Amino acid sequence: MSATAATTPLLAVRGVRAAYGKIEALKGVDIEINRGEIVALIGANGAGKSTLMMTIFGRPRARAGTIEYDGRDITGVSTHEIARLRIAQSPEGRRIFPRMSVAENLQMGADATECSEAEREAGLERVFALFPRLKERIAQRGGTLSGGEQQMLAIGRALMSRPRLLMLDEPSLGLAPLIARQIFDAIRTLNRQDGLTVLIVEQNANHALKLAHRGYVMVNGLITLSGTGGELLQRPEIRAAYLEGGRHG
Amino acid sequence: MSATSARPSHAAQPSGSAFILKKALISAAVALVLFSLMIGIRTEAGPQGGLIYWTRFGDLAALVGTVFGGSIIIELLRQWWGPVDKEHIVPKPVQAAMSFAGRWLAPALLVFAFLVPVIFYNQRYILDLSILVLTYVMLGWGLNVVVGLAGLLDLGYVAFYAVGAYSYALLATNFGLSFWVCLPLAGILAAFWGVLLGFPVLRLRGDYLAIVTLAFGEIIRLVIINWQSLTGGPNGVSGIPRPTLFGIPLDNSDDGLAAKLGIDFSPTHRIVFLFYLILAMALLTNWVTIRLRRLPIGRAWEALREDEVACRALGINVTTTKLTAFATGAMFGGFAGAFFATRQGFISPESFTFQESALVLAIVVLGGMGSQLGVALAALTMIGGFELFRGFDQYRMLVFGIAMVLLMIWRPRGLIGHRAPTVFLERNQAISSDLVKEGHG
């Protein structure tokens with residue numbers, strides 16, 4: 001890795017626009033993710049957070065702007081090629097394969113990138129170290145897992161492709177607070193131990209901003225605020241919009 | 001059982017003899033009202049043009065009594081069985097017996113299949129029927145790749161069967177190519193048509209996909225009917241050469257197999273040869289499918305059936321995954337088609353109607369999507385069962401309808417709805433088989 005590669009951000013999104021038919025979901029978004037960072041993207045429903053994540057992954061395609069990953073322009077590259085560049089995604093709503101076993105679900109993550117048997121074994125060890133629960137459930141069908149276990153499986157599946165950038169869409173969605181905390185702890189561990197770069201899209205702004213090094217706030221397809229996690233948590237408009245109002249108990 | 005001895009009922013569902021009697025009485029009352037005019041009183045125009053009527057209270061009483069008794073029986077059955085969606089605990093010995101049967105059923109069937117020509121050598125009818133069943137087993141296994149594994153509902157599978165059959169028929173009659181040269185060609189051509197169908201339907205799922213594939217099947221059939229100069233139109237293609245054993249014909253001639261082996265010629269030789277041919281082709285289909293399921297492409301097919309969005313999120317190339325599924329399924333359909341042509345010696349568009357597609361699809365669905373053994377059993381039941389009920393011509397559709405409804409109530413995922421995982425971790429294997437059974441359902 002050259003000196004310039006170390007200083008440029010791992011992912012740079014510049015002026016990206018994306019739309020579903022005539023409805024514009026992203027209206028010129030700029031974000032940057034540095035190596036080894038956890039970046040949180042927060043915002044209300046329909047702000048375009050998930051769309052941004054999916055646009056980075058190549059579907060829907062960006063209509064304008066550029067997406068640069070590791071110094072390479074990946075705008076318009078198809079999703080399966082982006083996966084080979086070791087960007088992994090855990091989609092919204094977990095979306096594990098319900099009739100396939102936990103082992104098969106994890107294998108699906110490894111299939112996307114050609115990896116050797118040793119790498120696959122190492123990947124499994126890493127996932128099991130992070131989520132010991134998955135090891136206990138290895139032969140069970142994905143659909144029989146609890147919500148928290150399914151989320152662990154979704155993250156584990158994404159990790160099996162040995163990503164350099166992991167993108168998580170609402171990992172705490174529909175989970176009990178205690179389980180959500182476990183998931184967030186696991187993400188922190190991944191980041192601290194392996195230096196994994198993480199982009200996390202969340203509605204749970206409090207958790208996400210505490211976890212993240214930096215955060216972006218998205219409103220109606222535009223980034224309106226950015227700063228370190230701590231800074232954003234102190235902003236009165238953030239507190240009003242995403243914390244006090246949306247806090248449960 | 002007396003009316004006063006009503007047992008304490010289940011939480012939500014009332015039971016007990018009082019409830020059963022009440023329900024039976026209500027049913028009987030409804031039956032009495034309905035049938036009193038329909039059955040009880042009969043009217044007819046008399047010889048003078050006036051209306052005469054007579055009563056049939058005996059018949060009426062019999063019917064109402066039947067309804068009363070039937071209602072009690074149904075209610076007792078229902079209470080014995082419990083709610084339909086409830087998990088039933090199967091007793092341990094039964095479970096053990098079933099798992100034993102499950103383990104030995106497939107090998108036993110295979111051995112039996114190999115022995116069929118030996119056992120039934122003199123029964124031409126059974127040999128012919130076995131060949132028919134095996135053809136459908138092969139078609140079922142081929143369609144299973146598309147529908148069962150990849151989850152792409154294909155209602156036009158017969159198109160590939162037709163492409164395979166006409167490929168062999170036309171290549172053989174026009175260019176004199178042998179069956180063994182044409183067989184791979186038929187497969188390749190069918191696979192090519194599979195890809196051709198695959199492209200326009202890449203974005204479609206579920207109902208829309210079903211409609212387009214249905215139309216595709218009809219288009220192929222209509223083209224065959226109307227392209228008279230090539231396909232002979234409705235008259236079909238006749239005089240299709242019979243298959244040879246690596247160039248040795250199975251006929252009465254001096255070069256025939258019987259003459260070469262120095263045994264007496266019998267037409268059964270050819271039938272037995274055809275039987276083993278289709279058996280080998282079906283087993284090849286099965287073997288390839290089982291192997292593919294353990295490779296990334298096979299896993300991708302199954303993942304595609306489960307969740308297309310998740311597949312994209314994992315970076316699976318959905319386009320190639322779908323196209324390979326269509327091509328693989330179509331190729332096996334093409335092989336089966338070539339076999340059909342050589343077996344019949346004559347083909348016409350009438351053999352490739354939508355009904356064939358529906359039949360093969362029913363086999364796959366009844367067998368349990370994705371289960372190889374289930375598809376084989378379903379083919380045996382559907383095709384063999386159809387023959388079995390040939391005597392009751394008028395009732396066989398009724399019997400099949402009822403059987404299908406019952407099957408879908410009790411085994412909504414098909415005869416063998418259980419799916420065997422393809423990825424194992426060596427050290428966990430002991431736990432895995434236990435847990436897999438737990439999830440059986």
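Okay, a definition to start: two strands pair if DSSP finds at least two bridges between them. Helices (H or I, at least four residues) and strands (E, at least two) are DSSP runs, numbered from the N terminus. With that in hand, look at chain A, where strand 1 (residues 11-20) and strand 4 (residues 64-69) pair in the antiparallel sense over five bridges. A:Arg17 has A:Ala64 of strand 4 as its bridge partner.

Quick housekeeping. This is a predicted model, so to speak of a local feature we need pLDDT of at least 70, side-chain atom pairs count only at pLDDT 80 or more, and totals for chains, interfaces and linings use all residues. Residues are numbered from 1 along each chain as its sequence is written, while chains are lettered from A and ligands numbered from 1 in the order in which they are written.

Zooming out, chain A has 11 helices and 10 strands. A compact globule of 249 residues would have a radius of gyration near 18 Å, and chain A has 18 Å, which agrees. That radius is taken over C-alpha atoms, and the globule rule is 2.2 Å times the number of residues to the power 0.38. Along the principal axes, the C-alpha atoms of chain A fill a box of roughly 45 × 45 × 40 Å. As for burial, 49% of the 249 residues of chain A count as buried. Buried here is 20 or more other C-beta atoms within 10 Å of a residue's own, exposed is 12 or fewer, and partly exposed is in between, with C-beta atoms placed from the backbone.

The peptide bond from A:Arg59 to A:Pro60 is cis, with omega near 5°, and A:Pro60 lies in the loop between helix 2 (49-56) and strand 4. A:Arg94 isn't a glycine, yet its phi is positive, near 70°. Is A:Arg94 buried or exposed? Buried, because 26 other C-beta atoms lie within 10 Å of A:Arg94. A:Glu170, another non-glycine, has a positive phi near 50°. A:Glu170 lies in the loop between strand 7 (165-169) and helix 8 (177-194) of chain A, and counts as buried with 22 C-beta neighbours inside 10 Å.

Over to chain B, and helix 4 (residues 124-149). At 1.5 Å a residue, its 26 residues should span 38 Å, and the end C-alpha atoms of helix 4 are 36 Å apart, which agrees. The expected span is 1.5 Å times one less than the number of residues. Helix 4 of chain B still bends by about 45° at B:Leu143, where the bend is the angle between axes fitted to the seven residues ending there and the seven starting there. Helix 4 of chain B is mostly covered, with 19 of its 26 residues buried.

Strand 2 (residues 51-55) of chain B lies largely in the open, because zero of its five residues are buried. Strand 2 of chain B runs antiparallel to strand 1 (residues 41-45), joined by five bridges.

Last, the interface. How many residues of chain B are in contact with chain A? 27 residues of chain B touch 26 of chain A, contact being C-beta atoms, placed from the backbone, within 7 Å. Helix 11 of chain B gives the most to that side, with six residues.

How values were computed:
Two residues are in contact if their C-beta atoms, placed from the backbone, lie within 7 Å.
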